[in-house]
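Visitor: I would like to go through this model with you. Could we take the fold first and then turn to individual residues?

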Amino acid sequence: MIMKMLRIFFLTTAALLCFTALCAQEQPKEKSPQEYAALEAERLEKELNLNTNQVFYVDSIFQVNFAGVMKEFDDMKKSGMQDGRSYQAVREKWTQKNLDALKLILTEQQYISYLKLIGKGKEYKKGKDGLYYKKETKSDKSEKK
């Protein structure tokens with residue numbers, strides 16, 4: 001009987017210690033804009049087959065732009081702004097800045113692939129040769145006839 005009570009006591013104590021240790025662990029720290037930029041540049045290097053110079057420029061562009069958007073979000077939060085449309089407008093503004101800068105350093109096919117990766121570029125489709133082309137509209141088809 002005493003052995004059974006001791007076993008229950010030790011098991012309960014061990015469980016409490018494990019639970020306390022899990023609760024005491026620090027929450028993972030939020031990544032900095034530089035860390036986000038590096039991760040995104042690394043991902044795009046693989047996805048878009050970027051060369052070394054392009055990776056450097058992509059990383060640089062994202063470091064500046066990610067820091068800018070995060071600062072703008074923090075400023076909005078500090079001022080008490082809670083309107084989701086305002087945050088969306090800021091995000092779209094910085095996305096456009098990324099697109100404008102990336103268009104200068106990526107090839108046309110890499111740029112279109114990037115548009116597809118971020119959910120834009122719906123006007124392009126991949127041809128049988130693996131390259132992207134603008135989709136033909138009904139008016140385009142009728143003009144060819």
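Guide: Lysine 93 counts as partly exposed, at 38% relative accessibility; buried means under 20% relative accessible area, exposed over 50%, and partly exposed in between (1.4 Å probe, protein chains only). This is a predicted model, in which local features need pLDDT of at least 70 and side-chain atom pairs count only at pLDDT 80 or more, while totals for chains, interfaces and linings use all residues. Residues are numbered from 1 along each chain as its sequence is written, and side-chain values use heavy atoms, with hydrogens and water left out.

Visitor: With which residue does lysine 93 form a salt bridge?

Guide: The partner of lysine 93 is glutamate 72, and their closest N and O atoms are 2.9 Å apart. Glutamate 72 lies in helix H3 and lysine 93 in helix H4, so the pair ties together parts that are 21 residues apart in sequence. Glutamate 72 is partly exposed, with a relative accessible area of 22%. A salt bridge here is a side-chain nitrogen of Lys or Arg within 4 Å of a carboxyl oxygen of Asp or Glu.

Visitor: How many salt bridges does a search of the whole structure find?

Guide: The search finds 5 salt bridges. Among them is the one between the side chains of arginine 43 and glutamate 40, at 2.7 Å from N to O. Arginine 43 and glutamate 40 are 3 residues apart in helix H2, which means that about one helical turn separates them. Arginine 43 is partly exposed at 33% relative accessibility, whereas glutamate 40 is buried, with a relative accessible area of 18%.

Visitor: And lysine 46, what does it pair with?

Guide: Lysine 46 forms a salt bridge with glutamate 42, with 3.7 Å between the closest N and O atoms. Both residues lie in helix H2, 4 residues apart, about one turn of the helix. Lysine 46 counts as exposed at 63% relative accessibility, and glutamate 42 as partly exposed at 42%.

Visitor: Let us step back to the fold. How many helices and strands are there?

Guide: The protein has 6 helices and 2 strands, in the order α-α-α-α-α-β-β-α along the sequence. Helices (H or I, at least four residues) and strands (E, at least two) are DSSP runs, numbered from the N terminus. Of the 145 residues, 23% count as buried. The accessible surface comes to about 11,500 Å², and carbon and sulfur atoms account for 58% of it; such areas come from the Shrake-Rupley method with a 1.4 Å probe, and for residues only the protein chains shown count as cover.

Visitor: Now the interior. What does leucine 99 touch?

Guide: Leucine 99, in helix H4, is buried, with a relative accessible area of 5%. Not counting residues up to four places away in sequence, leucine 99 touches Tyr111, Tyr114, Leu115, Ile118 and Lys120; contact means heavy atoms within 4.5 Å. The C-alpha atoms of leucine 99 and tyrosine 114 are separated by 8.9 Å, the two residues being 15 apart along the chain.

Visitor: Is asparagine 98 buried or exposed?

Guide: Asparagine 98 counts as buried, at 8% relative accessibility. This residue belongs to helix H4 (residues 84–105). Leaving aside neighbours within four places in sequence, asparagine 98 is in contact with Ile61, Phe62, Asn65 and Phe66.

Visitor: What about methionine 76: where does it lie?

Guide: Methionine 76 lies in helix H3 and is buried at 9% relative accessibility. Apart from neighbours within four places in sequence, its contacts are Met81, Ser86, Tyr87 and Val90. Between the C-alpha atoms of methionine 76 and serine 86, which are 10 residues apart along the chain, the separation is 8.8 Å.
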